[in-house]
Amino acid sequence: MHHAPPASLCRLAMPLAAMVITVASGCDRPAESSAPSPQVDRRPANIDPSTLPIPTEPALAAGYDVWINNCVICHTEGTDGAPRITDTKAWQPRHDKGRAEMYASAITGFDDMPPRGDSPDLTDDQLKSAVDYMLFATFGVLE
Ligand code: HEC
């Protein structure tokens with residue numbers, strides 16, 4: 001048979017529980033000082049799309065339009081580990097696989113990269129132009 005604790009104990013326990021919750025939730029806030037702490041998010045900062053180059057060359061300009069309308073969110077915020085545009089460290093090993101592989105990943109998907117970047121209406125050529133733009137903005141050259 002269950003015995004309820006005496007009321008006096010409950011009166012003591014309730015404020016204590018509230019304090020524990022207050023302290024614990026305070027720990028979730030990002031550290032205000034710049035001192036290193038295991039809680040600091042060390043992922044690269046999100047990319048501000050307004051800082052990206054807008055090409056004049058027609059094919060790349062078309063790629064920019066596709067990219068800014070369909071790929072921008074994941075590839076500026078790093079959603080699900082998406083390589084951020086302009087993050088050469090994240091892009092180099094992918095770029096090394098070759099342009100054809102990049103196109104194939106954009107078209108058919110790759111791990112957490114959804115097929116066609118979740119924009120099923122885009123043509124293969126549009127997807128390729130968006131890939132070209134992303135690599136241009138990251139590496140500055142198209143070879
Ligand atoms: C819903 C989020 C999301 C959207 C939208 C998205 N991507 Fe991605 N993309 C990812 C993720 C996540 C990865 C990394 C996949 C991995 O390596 O596991 C990725 C990786 C890639 C890669 C590298 C693939 C490889 O083989 O290494 C290319 C190229 C790419 N995306 C192109 C695009 C293009 C072009 C668009 C817009 C048409 C787009 N993505 C839209 C999430 C997204």
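Among contacts in the protein chain between residues at least 6 apart in sequence, 63% join residues at least 24 apart; two residues are in contact if their C-beta atoms, placed from the backbone, lie within 7 Å. You are looking at a predicted model, where local features need pLDDT of at least 70, side-chain atom pairs count only at pLDDT 80 or more, and totals for chains, interfaces and linings use all residues. Residues are numbered from 1 along each chain as its sequence is written.

The protein chain has 6 helices and 0 strands, in the order α-α-α-α-α-α. Helices (H or I, at least four residues) and strands (E, at least two) are DSSP runs, numbered from the N terminus. Of the chain's 143 residues, 21% count as buried, that is, with 20 or more other C-beta atoms within 10 Å of their own, all C-beta atoms being placed from the backbone.

Now to the ligand. It is surrounded by 28 residues, with C71, C74, D111, M113 and G117 the closest; a residue counts as near if its C-beta atom, placed from the backbone, lies within 6 Å. Helix 3 (72-77), helix 5 (99-108) and helix 6 (124-139) each give two or more residues to this shell, and helix 5 gives the most, with 4 residues. By class, the shell divides like this:

| Class | Residues in the shell |
|---|---|
| Nonpolar (Ala, Val, Leu, Ile, Met, Phe, Trp, Tyr, Cys, Pro) | 14 residues |
| Polar (the others, Gly among them) | 7 residues |

Definitions and conventions. Buried ≥ 20, exposed ≤ 12 C-beta atoms within 10 Å, placed from the backbone.
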